[in-house]
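Thanks, everyone, for making the time.

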Amino acid sequence: ARSSRAAYPALARTAAPLSQRRTFINGSEDYGKHVFKGAVADSYLAKQGLPAGLLDDPSWTRTSADKVAAAVMSWAHDMGAGVITHWFQPMACNGVRHGMSGQVQNAMFVFDKDGKPKWELEGKTIFQGETDGSSFPNGGMRATHTAGGYTIIDPTSPIFLRGDTVFIPTIFVSFYGDALDEKTPLLRATKAVSTQATRLLKLMGYSVDKVFPNIGLEQEFFFVPRKDYYRRPDLQLTGRTIMGKNAPRGQEMSDHYMSAINPVAMACMQEIQHECFMMGIPLKTRHREVAPNQYEFAPFFGTATTQIDQNLVVMQICDEVAARHGLACLAQEKPFKDVNGSGKHNNISLGTNTGVNLLNPKQLAKASGSHEIFPVLMAAMVRSVDLHGDLMRMAIASPGNDFRLGAMEAPPAVISTYLGDDITQYLEEFKSTKTAKEYVAASKVVDLGLEEIAPFSMPAEDRNRTSPFPYGGHRFEFRAVGSSQNVSLVNTVLCSIWADSFAYFADQIEAGKSPVDVAAEALDKHWRVIFNGNGYDESWPIEAEKRGIWRIDSGVESILRFSDPKNIALFEKLGVFNEKECKARTEVLLDHYSGFVEMEAATMIDMMKQHVLPAVLAADLDPKYAADIRAACAAVEAGLHKMHVVSDSASKARVARELRLETMDQARTVCDKAEGEVPADLWTLATYKELLFLDSHQGSDATDY
Ligand code: ADP
Ligand code: MG
């Protein structure tokens, strides 16, 4: 253990007192320095004779790409950068480490007549790129020999800089224009929701040019000592512990949530916030989460594409900065058994180009002069959840979430919505009276009767953390989303199902019905999906099934919903995915799931053979232990073999799921039992105690524990 001291000299960084380190608090003038946006961009654009604010209108890519490129070049030059990359998000890119993104980095030089390098960046270079896309998942949409993949700039998310490299956010499509990435469908869904929302609003007398999703992503993760991470092949290769006896202490005392952040993690989090701050990523909130060594960051919300791009960067920065502090950052959904997993709450609202939040009843009534619009929009959203809860479930079917949903720590695999008693009552009255009253959020004043504590007011509505999709005042919060996910698909689905209901309402209003009647009818029909009770209660999934609302326990079955005729029709009509793309994505998600299980099973076999069995033999335990482990290992090997002989991807994923949730879980029980008997000095894998409770001031440099 002593040798770890030398292996992590970078730990010295954390030793510097805060006053000597640059943080986002004492360096607020650094904010946004590394993002080509706002004042930073404007000053370089001006030198090219371009107006301030040019980048706010995406049409610059058609009119001024060359001059913008020259401006980016001179900014990069001033910042010491000379490399450029198109940055894209291949399909199913929820990675266990930092959410995969694609990039090929090119130095920005050309050669002049004398053969000397000359720094240059042309408009066409930032606008479009062509690359070999053959090794990215495509679900059969393209044969390997037709490998061309095209990257085209996405001006809805800003250009940013890391180190010597300028990152151009792009989409990624095939030679035939089919989407090969996560972002293209999101942009299409964003457009669909804008088109249908503006259409519906206009029919109700409120004209706006554009509507777009605003999201805020709460990122949960673990920090574990890096030296112990290196003693866990499962964490390194798959992001989760496939075995491991629970530590004698867990969450019993509820003493982790929001408690003081230990100094090692704190120094790391401050550095992450500062790096993010420079890139214009507004990480606002930091705190400890429920599980030991679990933490969370939440940014100030913003437009969906930008937030998602930034979230991928946040995951990557957490990963990199953690290493500098002797820590490893785990963003997988369920890295530890019997300990809370990590989610990524997807808070979402719809904003207008005039800055109005359509989910804020007061703001909306003021801007539109109507009390009718809010209940109509809410009715449409309720309809969406009831009809298309299967798609919402599909969008969160990351492999890690199979262990998390419904385990009393995350909402169950039943898709309902919580509106709270106040809004529920309001909508109830609306649908029965068919008149729209003003919605006034109730609040109450609490007087504790203490002279020192002044009376204070609070919303009359409590929070609900057991619903997958609660309304929280001015936003919905999709709470069941997994921490490792690229949430593009999640937001593609939300925007699509909302667009579908807005279109359905608009069609009926155009046919002569009143908006109130349309909304009241939809509420009647879909009321069942509103559930304000305790989603963790065992009786709820049973009750939900009686109500006939979507409950899909298996992630694999939910993935198959992507290609259900109902859903293909929905996506095709909105122009989000064509049938080919739906089917290809189903394949990609299934393969991704099976691929994960293959890695996990192979890792487990290695660990049993190379660590658990030798330790058990060295400890000279009752021979039954060794026999049990050999048998368990053979069962996992047989399961893996069974996966390999199945040819179609749906059956393969089903076999994989069984292997993972049954065979591997049983094998784990055997290993964990052995771990409890082997003397500590003979056990060669890092224990839960080491991974979760090394919480001291020495951080990963502590050696005596
Ligand atoms: P909570 O205590 O509810 O978890 P947090 O502050 O941890 O609150 O996270 C809430 C997230 O929701 C933040 O990222 C915040 O910016 C975002 N958010 C707040 N209001 C909205 C809104 N109207 N639309 C979208 N996101 C929002
Ligand atoms: Mg939070």
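I will begin with the ligand, go on to a strand pair, and end with helix packing.

Before anything else, please bear in mind that this is a predicted model.

Let me start at ligand 1, which has 15 residues around it, and of these G216, F301, N347, S349 and R475 come nearest. If we sort the shell by class, we find six nonpolar residues, seven polar ones and two that are charged. Which strands supply at least two residues each to this shell? They are β10, covering 211-225, β12, covering 294-299, and β15, covering 344-352. Among the contributors to the shell, β10 gives the most, with four residues.

β12 runs antiparallel to β11, which spans residues 283-288, and five bridges join the two. If you want a point of reference on the screen, look for R286, which stands opposite F297 in β12. The hairpin formed by β11 and β12 has five residues between the strands, and in that hairpin N293 takes a positive phi near 60 degrees.

Now to the helices, where α15, residues 488-510, packs with α13, residues 373-395, at an angle of about 140 degrees and with the axes 8 Å apart. The crossing in which α13 passes α15 is right-handed.

What angle does α15 make with α7, the helix of residues 183-203? The angle is about 25 degrees, and the axes of α7 and α15 lie 8 Å apart. That angle makes α7 roughly parallel to α15, given that the cut-off for this term is under 35 degrees. The crossing of α7 and α15 is left-handed, whereas α13 passes α15 in a right-handed one. As for composition, the contact of α7 with α15 has 16 nonpolar residues, six polar and three charged.

That is where I will stop, and I am happy to go back to any of these places.

Note on methods. Residues numbered from 1 in each chain as written. Chains lettered and ligands numbered in written order. Predicted model: local features only at pLDDT ≥ 70, side-chain atom pairs only at ≥ 80, totals over all residues. Near = placed C-beta within 6 Å. Nonpolar A, V, L, I, M, F, W, Y, C, P; charged D, E, K, R; others polar. Pairing = 2+ DSSP bridges. Axes fitted to C-alpha atoms, helices over the stretch in contact; angles between N-to-C directions. Left-handed = near helix turned anticlockwise from the far one by under 90°. Parallel < 35°, antiparallel > 145°, perpendicular 65-115°, else oblique.
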